[in-house]
Amino acid sequence: MARITFDESYREIQALWERAQDARRAGEREDALGVYEELLAHPCAHHRVTEHDVLDEMHQVLRQLGRFDEAIQAKRDAIAAGYRSSPDPEADIAEALVEAGRRDEADALYAELRERDPDDVWLYNSAGYIYAGVDVAEALRWLLDGIDVAIATGDYDQVIGQ
């Protein structure tokens, strides 16, 4: 196995990140996915790259491409690799389910997430915005409930303004 210096490793990883971002900016999503895969496969990735960040980037691109099952798997892989966020990162899966037209699964997942953390104001925001494109009444319910939670918890994240 060929060895490279610390600086070479840094430059190679940085170049891959830049190529992926350039491809995304240019709207070349398939190319970006290929570069993200190269990034994860790079021999220095294990000590240069936060795997869950790359997987999250892949999730976003796959959603933009309408490849929802792959997007959901990428997010699940990111979560398994340690990805955390607010709202719960599974809210991204629920959003992808709505976008895929799998409303029953999305509804069930959102209900589970709400039960898991009823004070997560960002969860209500996520559901409200994604449902707005398919069911305005459901979106309004989530957003109004989110406002109630924000008021009750002090709205530290200033969600009400959104």
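By class, 6 nonpolar, 4 polar and 3 charged residues make up the lining of the largest pocket. Nonpolar here covers Ala, Val, Leu, Ile, Met, Phe, Trp, Tyr, Cys and Pro, charged covers Asp, Glu, Lys and Arg, and the others, Gly among them, are polar.

Before I go on, this is a predicted model, where local features need pLDDT of at least 70, side-chain atom pairs count only at pLDDT 80 or more, and totals for chains, interfaces and linings use all residues. Residues are numbered from 1 along each chain as its sequence is written, and side-chain values use heavy atoms, with hydrogens and water left out.

Back to the pocket. Its volume is about 180 Å³, taken as the space filled by probe spheres set on grid points joined across faces, edges and corners. On a 1 Å grid over the protein atoms alone, a pocket is an open set of points where a 1.4 Å probe fits, with protein on both sides within 12 Å along at least five of seven lines; lining residues have an atom within 4 Å of a point. There are 13 lining residues, and Ala 2, Arg 3, Ile 4, Pro 43 and Cys 44 lie nearest the centre. Helix α1 (6–25) and helix α3 (45–48) each supply at least two of the lining residues, and α1 gives the most, with 3.

Now the chain. It has 9 helices and 0 strands; these are DSSP runs, H or I of at least four residues for helices and E of at least two for strands, numbered from the N terminus. The C-alpha trace spans about 60 × 30 × 25 Å along its principal axes. Of the 162 residues, 40% count as buried, meaning under 20% relative accessible area, with exposed over 50% and partly exposed in between (1.4 Å probe, protein chains only).

Next, α1. Its buried residues are Ser 9, Ile 13, Leu 16, Ala 20, Ala 23 and Arg 24. They cover an arc of only 110° around the axis, so they sit on the same side of α1; the arc is that of the directions from the helix axis to the C-beta atoms. These buried residues pack against α2 (29–41), α3 and α4 (51–64), where contact means heavy atoms within 4.5 Å. Gly 27, which follows α1, has a positive phi, near 80°.

Last, α7, residues 103–116. Ala 106, Leu 109, Tyr 110 and Leu 113 are buried in α7. Their arc is only 100° around the axis, which puts them on the same side of α7. Exposed Asp 104 and Glu 115 are on the face turned away from that buried side. The cover over the buried residues of α7 includes α6 (90–99), α8 (121–131) and α9 (136–153).
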